[in-house]
Amino acid sequence: MWFYAVLLALAWALGWLVRDRRDAARSRDKHVLITGCDSGFGNLLARRLARRGYRVLAACLTQKGADGLQRSCSGHLRTTLLDVTRSDSIRRAVEWVQGEVGDKGLFGLVNNAGVANPIGPTEWMGIEDYRQVMAVNAFGVIEVTLQFLPLLKRARGRVVNTSSVLGRLSANGGGYCVSKFCVEAFSDSLRRDMYHFGVKVSIVEPGFFKTAVTNLESIEGSLRQLWDRLAPETRLSYGEDFFHKYLKVQRFIMNLICDGDLSKVTRCVEHALGARHPRTRYSAGWDAKLLWLPASYAPACIVDFALATILPKPAHRFR
């Protein structure tokens with residue numbers, strides 16, 4: 001019996017590999033809109049897709065980012081400015097894209113724009129800290145997608161949402177993990193709702209990578225701002241030693257885990273856009289595959305104990 005079970009498993013794995021490697025129709029003349037192209041994943045992805053023959057529509061937050069990308073790119077690439085937190089900016093981007101794609105519609109939408117800070121202990125946060133992250137990472141993704149759905153349906157296109165492995169396991173306080181959990185839920189409901197329209201939806205869940213979003217200097221600066229504005233009573237309950245040890249832990253984690261090869265993420269997006277049968281979820285980075293994903297399936301008590309062991313202890317835990 002075990003022989004047949006193993007044989008069946010091997011046959012399934014082989015079939016999945018063959019299916020996974022099948023490419024869709026040629027990429028040339030297919031329009032793909034990417035948000036957050038000033039730097040990081042979006043910038044690299046825009047240049048890679050342009051070289052592969054896609055007609056890339058790169059949305060940047062700043063004119064400096066747009067000009068720099070345009071100069072560095074070979075292939076068909078057009079840039080526009082887009083602030084995903086502003087409805088008027090999104091409407092202008094839709095009108096611009098409509099003029100670019102015409103009756104063909106939009107083949108691909110890559111929701112890549114995102115921010116991370118502020119992150120830190122939950123008690124250090126204010127409601128505005130959550131709002132500013134959610135505005136970009138969650139509501140920005142939702143509104144951009146909703147506005148572009150008619151063009152995507154016309155092309156029977158693809159939506160690729162950049163989430164995070166921390167959208168499965170919340171390892172720190174602040175709006176980042178909350179927003180990525182939201183992206184996961186939105187993507188799942190969108191995928192099911194768009195099934196009959198031929199629009200495919202994928203989620204890319206990167207681990208820790210060296211980008212502007214995960215810049216150690218900006219993370220430390222954000223933590224210092226949070227610490228400085230705490231009420232005296234709250235700061236006393238944690239203690240100065242907690243703050244400095246927390247900074248050391250952040251430095252250790254970022255230096256140990258962060259991967260500098262951003263192409264591990266962009267290759268996932270390229271597969272989601274170019275494969276005949278894109279995957280529902282993609283995990284990018286060794287830490288995502290070997291650390292965070294397994295931890296997300298582990299009992300909560302084990303994960304809680306591990307994280308509590310790594311992080312420093314407050315000075316007055318039981319006051």
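Author: Threonine 162 counts as buried, at 10% relative accessibility. The model discussed here is a predicted one.

Reader: Why is threonine 162 called buried?

Author: The term buried applies under 20% relative accessible area. Threonine 162 has 10%, so the residue counts as buried. Its place is in strand β6 (residues 158-162). Leaving aside neighbours within four places in sequence, threonine 162 is in contact with Asn111, Asn112, Lys180, Val183, Val204 and Pro206.

Reader: What makes glycine 239 buried?

Author: Its relative accessibility is 13%, and the limit is 20%, so glycine 239 counts as buried. Glycine 239 is found in the loop between α9 (232-238) and α10 (240-257). Beyond neighbours within four places in sequence, its contacts are Trp227 and Ala315. From glycine 239 to methionine 254 there are 15 residues in sequence and 23 Å in space, C-alpha to C-alpha.

Reader: How many aromatic pairs does a search of the whole structure find, and why is the pair of tryptophan 124 and phenylalanine 243 called tilted?

Author: The search finds ten aromatic pairs. The ring centres of tryptophan 124 and phenylalanine 243 are 6.4 Å apart and their planes stand at 35°, so the pair is tilted. Stacked would require planes under 30 degrees apart, and edge-to-face over 60. The pair links distant parts of the chain: tryptophan 124 is in the loop between β5 (119-120) and α5 (127-137), phenylalanine 243 is in helix α10, and 119 residues separate them.

Reader: What makes the pair of tryptophan 124 and tyrosine 246 tilted?

Author: Their ring centres lie 6.1 Å apart, within the 6.5 Å limit, and their planes are at 40°, so this pair is tilted. Tryptophan 124 is buried at 2% relative accessibility, and tyrosine 246 is buried at 7%. Trp124, Trp227, Tyr238, Phe242, Phe243 and Tyr246 form one aromatic cluster.

Reader: How do you know that the charged end of lysine 30 sits over the ring of phenylalanine 107?

Author: The charged end of lysine 30 is 4.3 Å from the ring centre of phenylalanine 107, where the limit is 6 Å, together with an angle within 35 degrees of the ring normal. Lysine 153 lies over the face of phenylalanine 197, at 4.1 Å from the ring centre.

Reader: Why are β1 and β2 said to pair, and which are the edge strands of the sheet?

Author: Pairing requires at least two bridges, and four join strand β1 (residues 31-34) to strand β2 (residues 55-60), so the two pair, running parallel. The open sheet of seven strands has the order β3-β2-β1-β4-β6-β8-β9. Its edge strands are β3 (77-81) and β9 (281-284), each pairing on one side only.

Definitions and conventions:
Residues are numbered from 1 along each chain as its sequence is written. This is a predicted model: local features need pLDDT of at least 70, side-chain atom pairs count only at pLDDT 80 or more; totals for chains, interfaces and linings use all residues. Side-chain values use heavy atoms; hydrogens and water are left out. Buried means under 20% relative accessible area, exposed over 50%, partly exposed in between (1.4 Å probe, protein chains only). Contact means heavy atoms within 4.5 Å. Rings of Phe, Tyr and Trp (its six-membered ring) pair if their centres lie within 6.5 Å; planes under 30 degrees apart count as stacked, over 60 as edge-to-face and the rest as tilted.
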